[in-house]
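Trainee: I have just opened this one and would like to talk it through with you. Could we begin with the overall picture?

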Amino acid sequence: MKTNWERHNAIIHLPDEAITSIVKSYYLHAIITSTSLLSGGLSHTNLKVDMANERPVVIRIARDSESLLRENEVHRILPTSVRRPHFLHTTKWNGYSIGLLEWKEGVLLRDQLTNSSAREIREMGKSIGEQLACIREKRFTTYGFLDPNLDVMEEFRLTPQSFITTIESFFNNHASKWLPEHMPEKIIEFAKENAPLLKEDQSGAGLVHGDFNGLNILMTNTEVNAILDWEFALSGSIYFDIGNLLRYEFNHIDSFEQGLYEGLKNEGISLPKQWKKLAKLADLIALCSLLDRVMCGENRVKDITRLIKQTIHSE
């Protein structure tokens, strides 16, 4: 999952005195014993801070203040049944926006999947499906991208027509230069052929995590312990999150999909027969958008190209 992807933003290094100041802006009498850089994130920088007299916390450092403010607001309005770290505090340091969050124990889903049995993986899928249904309890009146107050600032609804025009728009900008010759035309042809299926998407305008995958889901055995990193949240189709979650193949993925379907159904969300294809179509938008950049790392391009080929050649 995103193995060796290049960061677009360099890691931000905080001096010790800055870390102390940030932590003491919330825990006045904190005694810091150690700090460590957390791997996994490709946009923000995250540090774990251990203390002698308090539970560990995470310092989340963002260049973009709006994304951190939006994330903080999402944490505030999430249904209580959604497992996530508490967002404790926001502050500033040297022009950067800083979030202070509760540290949550667990193993990334990506790693938990590696040596688990089919039964265990099905149970993981079920727990994740139940959590995804809880996320979807938050509804909006409009589809689209959210501002820091969680108002829709740019409308976007996944429909057959918007699917085609959005895919085309990526290849009128930067995405074409990263793909092999003639591949953009094949992607657009695939989009036009499959767009009518999106009429079956009846999921409505609900909360979308926006980066719902094995790098942002913490597990304790087969149960979700926390869902992390909400900076890409939006209002839209459930299939954006399902597509992201199922983007990569892994052992016993059929069992995982069965569990996911069951978990959603247990919480009142029934998926149509073609739900996996709907998820692949939604994720094709995400994959193409990741190539619509002036600069794009070689490893990113190689992996995204492979994933897009799998999508457009799948039955």
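Trainee: What radius of gyration does the protein chain have, next to that of a compact globule with 315 residues?

Mentor: The protein chain has 20 Å, and this agrees with a compact globule of 315 residues, which would have a radius of gyration near 20 Å. The radius is taken over C-alpha atoms, and the globule rule is 2.2 Å times the number of residues to the power 0.38. Please keep in mind that this is a predicted model, in which local features need pLDDT of at least 70 and side-chain atom pairs count only at pLDDT 80 or more, while totals for chains, interfaces and linings use all residues. Residues are numbered from 1 along each chain as its sequence is written, and side-chain values use heavy atoms, with hydrogens and water left out.

Trainee: Okay, and what box do the C-alpha atoms fill?

Mentor: Taken along the principal axes, the box is roughly 60 × 45 × 40 Å. The protein chain has 10 helices and 12 strands, where helices (H or I, at least four residues) and strands (E, at least two) are DSSP runs, numbered from the N terminus.

Trainee: How much of the chain counts as buried?

Mentor: Of the 315 residues, 51% count as buried, where buried means under 20% relative accessible area, exposed over 50%, and partly exposed in between, with a 1.4 Å probe and protein chains only.

Trainee: Which residues of helix α1 are buried?

Mentor: In α1, which covers residues 16-24, the buried ones are Ala18, Ile19, Ile22 and Val23. They lie on the same side of α1 because they cover an arc of only 125° around the axis, the arc being that of the directions from the helix axis to the C-beta atoms. The face turned away from that buried side carries the exposed residues Asp16 and Glu17.

Trainee: What do the buried residues of α1 pack against?

Mentor: They pack against five strands, namely β1 (32-37), β2 (45-51), β3 (57-62), β4 (87-93) and β5 (96-102). Ala18 counts as buried because its relative accessibility is 2%.

Trainee: Changing topic, is His75 buried or exposed?

Mentor: His75 counts as buried, because its relative accessibility is 7%. His75 lies in helix α2, residues 65-77. Leaving aside its neighbours within four places in sequence, His75 is in contact (heavy atoms within 4.5 Å) with Arg84, Pro85, Phe87, Leu101 and Trp230.

Trainee: What about pockets, and how much space lies in the largest pocket?

Mentor: About 1,500 Å³ of space lies there. The terms need some care: on a 1 Å grid over the protein atoms alone, a cavity is a set of points where a 1.4 Å probe fits but cannot get out, whereas a pocket is an open set with protein on both sides within 12 Å along at least five of seven lines, and lining residues have an atom within 4 Å of a point. Grid points are joined across faces, edges and corners, and a volume is the space filled by probe spheres set on the points.

Trainee: Which helix gives the most to the lining of the largest pocket?

Mentor: That is α9, with 6 residues. The lining has 46 residues, and Gly210, Phe232, Ser289, Leu290 and Arg293 lie nearest the pocket's centre. By class, the lining divides into 17 nonpolar, 13 polar and 16 charged residues, where Ala, Val, Leu, Ile, Met, Phe, Trp, Tyr, Cys and Pro count as nonpolar, Asp, Glu, Lys and Arg as charged, and the others, Gly among them, as polar.

Trainee: And how many cavities of 30 Å³ or more does a search of the whole structure find?

Mentor: The search finds 1 such cavity, and about 50 Å³ of space lies in the largest cavity. Among the residues that line this cavity are Met1, Lys2, Asn213 and Tyr248, and the lining as a whole has 4 nonpolar, 3 polar and 2 charged residues.

Trainee: One last thing, where does Leu150 lie?

Mentor: Leu150 lies in the loop between β7 and β8. Although Leu150 is not a glycine, it has a positive phi of about 65°, and with a relative accessible area of 8% Leu150 is buried. His252, in the loop between α7 and α8 (253-266), also has a positive phi of about 65° without being a glycine, but His252 counts as partly exposed because its relative accessibility is 38%.
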